[in-house]
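Please have a look at it first.

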Amino acid sequence: MGWTVQKMIDEGYTLGAACSRTQCFHFGRLDLAMLKARLGPGHSTMAPDLVPKLRCKKCGGKDVGLILHPPDRGRELRAGRPNANG
Ligand SMILES: [Zn+2]
């Protein structure tokens, strides 16, 4: 299966990008709306397809890694109570 820009938006995912250069390590969050406008909603967001389109804003390097952030599904915050009697 493959991810597209539109699917990421629909599913509530966010996408981060991290520069792999040890002297840089710049990290940024990608703007999916901007990617959609630039590349089209059906463009793949899989690394081999998307990374060639990206460039580090800080050093201009093309050695960029993608980080997929899943949505906060349910937001189950545990209260931390040892006993559920209550
Ligand atoms: Zn960089």
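Two strands are taken to pair if DSSP finds at least two bridges between them, and the helices (H or I, at least four residues) and strands (E, at least two) are DSSP runs numbered from the N terminus. What you see is a predicted model, in which local features need pLDDT of at least 70 and side-chain atom pairs count only at pLDDT 80 or more, while totals for chains, interfaces and linings use all residues. Residues are numbered from 1 along each chain as its sequence is written, and side-chain values use heavy atoms, with hydrogens and water left out.

Let me start with the sheet. Three strands make up an open, antiparallel sheet in the order β2-β1-β3. Because β2 (27-30) and β3 (64-69) each have a single partner strand, they stand at the edges, and one side of each is left without a neighbour in the sheet. Strand β1, residues 14-19, pairs with β3 over six bridges and with β2 over four bridges, in the antiparallel sense. Within these pairings, Ala 17 has Leu 66 of β3 as its bridge partner, Gly 16 stands opposite Ile 67 in β3, and Leu 15 is bridged to Leu 30 in β2.

Now to the metal site: which residues are the protein donors of the zinc ion? They are Cys 19, Cys 24, Cys 56 and Cys 59, each through SG, lying 2.2 to 2.4 Å from the ion, where donors are N, O and S atoms within 2.8 Å of the metal (3.2 Å for Na, K and Ca). The angles among the four donor atoms are 105 to 115°, and the site is tetrahedral, a label that four donors receive if all angles lie between 85 and 135 degrees. In sequence, the donor residues follow the spacing C-x4-C-x31-C-x2-C. Cys 24, in the loop between β1 and β2, and Cys 59, in the loop between α3 (47-50) and β3, are 35 residues apart, and the pair links distant parts of the chain. Cys 24 counts as buried because its relative accessibility is 12%, whereas Cys 59, at 31%, is partly exposed; buried means under 20% relative accessible area, exposed over 50%, and partly exposed in between, with a 1.4 Å probe and protein chains only.

Finally, the largest nonpolar core has twelve residues, among them Trp 3, Leu 15, Ala 17, Leu 30 and Val 64. Such a core is a set of buried Ala, Val, Leu, Ile, Met, Phe, Trp, Tyr and Cys residues joined through side-chain atoms within 4.5 Å.

Key
Tetrahedral: all angles 85-135°; square planar, octahedral: opposite > 155°, others 65-115°.
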